[in-house]
Amino acid sequence: MDDRTRRVLAAIVRDYIHGGEPVGSHAIARRPDVDVSSATVRSVMSDLEEMGLLQKPHTSAGRIPTAAGFRYYVDALLRVKPPLPEEREQIARRAQEATQLDGLMTAASRVLHSLTRHAGVIASPRPQSERLQRIEFLPLREGRALAVLVAQSGAVHNRLIALQQPLSAAQLEQAANYLNSLIADRTLAEARFRLRAELDRDRQELGELQARALALGAEAVQVEAPTVHIEGQSSFLDDKALAHDLMKIRALFRALDEKEQLLAVLDRTLAAEELRIFIGAESGIVEPDLAIVAAPYRLKGEVVGALGVIGPTRMDYSRVVPLVELTARTVGLTLDAKEEV
């Protein structure tokens, strides 16, 4: 693609992002960053349409970007705008005001929605990535105990365990102390591996309480999937293309409520360990006219979760991308600070 064609495509995408209407050749030709005749713009638009980067909706003389057009734009033409000082201050303040992990997750999704006017989403730290601080057992009635896993991020995971043999509160405390000597400062995956290795040892080398403790620990480190916080789903109704199609809206809300597809997208960001932009069908979400900008956040340098923004494909990527990156960094720094307290 030559420089003139790139300039025309970038101008069309930017105009469509801000206006939401098909873009005509006269509007593009008048732009100082394009500076060619309307006839030349029409020729370039025709070429871009043949390339699958633009499309003509209905009988309109204008064009709109396709998903492939948006993809080329974000990959090759996007120029981001640094967050404004007041936006930086708002992100930092919302994070600092959160006293618990759940509050931080809610604050992050809300500030993303507030600043972008799109839906903000964040998944809590992945249990398999979190480093454990300690495990505790609380005795319950009817031969049961509550296993409490406390992560260094501040996250707390509870699991109800049926005791094969009765254990007193003192024995459960001894079991927890023994397990903490094995799993403290390990991720859940590392903890599971260590406990399995200890259980595979010759049972004669283990005391009875140690064997029971290992069995309890092996069951306790099987935790549930992370929670997903979404704020601002009603913003989808502000997009003309979605708001006029009730079936699309219902299918989208259903997919987001189930959260499995959304969590899969965030997991892909987690695996990439860098910001990802999913346009249209790339996300796997039911609605092809959506885009997701997602970034991972870290705890002590290790990727533990992901957050992002969900909106129409014509979202203002130049603003959204740096805001998502800044929020992810801020969440990570806040988690680091909470761990040191």
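How many residues lie between β5 and β6 in their hairpin, and which residue in the turn has a positive phi?

Modeller: Four residues lie between β5 and β6, and Gly 154 in the turn has a positive phi of about 100°. First, the ground rules. The model is predicted, so local features need pLDDT of at least 70 and side-chain atom pairs count only at pLDDT 80 or more, while totals for chains, interfaces and linings use all residues. Residues are numbered from 1 along each chain as its sequence is written, and side-chain values use heavy atoms, with hydrogens and water left out. Helices (H or I, at least four residues) and strands (E, at least two) are DSSP runs, numbered from the N terminus.

Start with the hairpin you asked about. β5 and β6 are joined by seven bridges and run antiparallel; strands count as paired when DSSP finds at least two bridges between them. Leu 146 has Leu 160 in β6 as its bridge partner.

Now turn to the other neighbour of β5. β4 and β5 are also antiparallel, again with seven bridges. Here Ile 135 faces Leu 149 of β5. These two strands form a hairpin as well, with four residues between them. In that hairpin, Glu 142 has a positive phi near 60°.

What about burial of β5? Six of its eight residues are buried, so β5 is largely enclosed by the rest of the structure. Buried means under 20% relative accessible area, exposed over 50%, and partly exposed in between (1.4 Å probe, protein chains only).

Next, the helix on the sheet. α9 covers residues 208-220, and its 13 residues should span 18 Å at 1.5 Å a residue. The expected span is 1.5 Å times one less than the number of residues. The end C-alpha atoms of α9 are 18 Å apart, which agrees. Buried in α9 are Ala 211, Ala 213, Leu 214, Leu 216, Gly 217 and Ala 220. Their cover includes β4 (132-139), β5 (144-151) and β6 (156-162), together with α7 (169-183) and α8 (188-199). Contact here means heavy atoms within 4.5 Å.

Those last two helices also pack on each other. The angle between α7 and α8 is about 115°, and their axes are 9 Å apart. Their crossing is right-handed. A crossing is right-handed if the near helix is turned clockwise from the far one by less than a right angle, and left-handed if anticlockwise. From α7, Tyr 178, Leu 179, Leu 182 and Ile 183 meet Ala 191, Arg 194, Leu 195 and Glu 198 of α8. By class, this contact has six nonpolar, no polar and two charged residues. Ala, Val, Leu, Ile, Met, Phe, Trp, Tyr, Cys and Pro count as nonpolar, Asp, Glu, Lys and Arg as charged, and the others, Gly among them, as polar.

Methods:
Axes are lines fitted to C-alpha atoms, for helices over the stretch in contact, and angles run from 0 to 180 degrees between N-to-C directions.
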